[in-house]
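Have the sequence and the 3D view ready.

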Amino acid sequence: MRDRITFSRDQYGAPSAKTDTGHFNLLAGQLISDIINYAPDLLQLLDKIDRVRTGRSAAEEYEGNSSLFQATPDGVLVADLEDDGDSATYTFDEARAAILQYLDFLAPSAAQKQDAVSRWEAESGRTYPGRAELGLT
């Protein structure tokens with residue numbers, strides 16, 4: 001990654017993020033303001049990226065409270081839903097690395113990752129395809 005994201009919690013326990021150069025500001029903001037503490041939604045983002053990257057889908061979207069996450073064959077676009085219309089584009093690898101970093105922040109243990117996968121599977125009605133990447137069997 002060209003930029004580094006540091007995730008932490010503020011004095012109220014809410015997630016916060018700082019970036020070194022600002023390249024990941026919109027993606028980090030989307031993660032902490034739309035995903036917040038719900039790790040299964042991170043798995044949903046990873047699945048959307050992988051579905052587009054492998055050609056199983058032409059485009060996938062996730063709209064949160066503050067931004068739109070859109071995976072297309074060109075990469076991942078994160079667009080602010082506010083009037084200013086800021087947006088940023090990331091490669092699949094950049095977006096996946098940031099999402100996995102936030103997953104490690106929210107669910108640092110194998111048991112917590114397994115819980116997130118179980119919730120994702122219950123919500124989606126299918127087996128999560130990225131178990132091995134998370135160190136799960």
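This is a predicted model: local features need pLDDT of at least 70, side-chain atom pairs count only at pLDDT 80 or more; totals for chains, interfaces and linings use all residues.

Asp-83 sits in the loop between strand E5 (75–80) and strand E6 (87–90). Together with Glu-82, Asp-84 and Asp-86, Asp-83 forms a negative surface patch.

Strand E3 covers residues 60–63. Glu-60 and Tyr-62 lie on its covered face. Glu-61 and Glu-63 lie on the uncovered one. In a regular strand, side chains alternate between the two faces of the sheet.

E3 pairs with strand E4 (residues 67–72) in the antiparallel sense, over four bridges. Glu-61 has Gln-70 in E4 as its bridge partner. Three residues separate the two strands of this E3–E4 hairpin.

## Salt bridges

The whole structure holds eleven salt bridges. One of them joins Asp-93 and Arg-53, with the closest N and O atoms 3.1 Å apart. Asp-93 is in helix H3 (residues 92–106) and Arg-53 is in helix H2 (residues 39–53), 40 residues apart. Asp-93 is exposed at 54%, while Arg-53 is partly exposed at 37%.

Arg-96 and Glu-133 also meet in a salt bridge, at 2.8 Å from N to O. Arg-96 belongs to H3, and Glu-133 to the segment after helix H4 (110–124). Is Arg-96 buried or exposed? Arg-96 counts as buried, because its relative accessibility is 9% and the cut-off is under 20%. Glu-133 is partly exposed, at 41%.

## A network

How values were computed: Residues are numbered from 1 along each chain as its sequence is written. Side-chain values use heavy atoms; hydrogens and water are left out. Patches are made of residues with over 30% relative accessible area and no salt bridge: like charges are joined within 9 Å, nonpolar side chains (Val, Leu, Ile, Met, Phe, Trp, Tyr) within 5 Å. Accessible areas come from the Shrake-Rupley method with a 1.4 Å probe; for residues, only the protein chains shown count as cover. A salt bridge is a side-chain nitrogen of Lys or Arg within 4 Å of a carboxyl oxygen of Asp or Glu. Lys and Arg count as positive and Asp and Glu as negative; His and the chain ends are not counted. The place of a charge is taken as NZ of Lys, CZ of Arg, CG of Asp or CD of Glu. Buried means under 20% relative accessible area, exposed over 50%, partly exposed in between (1.4 Å probe, protein chains only). Two strands pair if DSSP finds at least two bridges between them.
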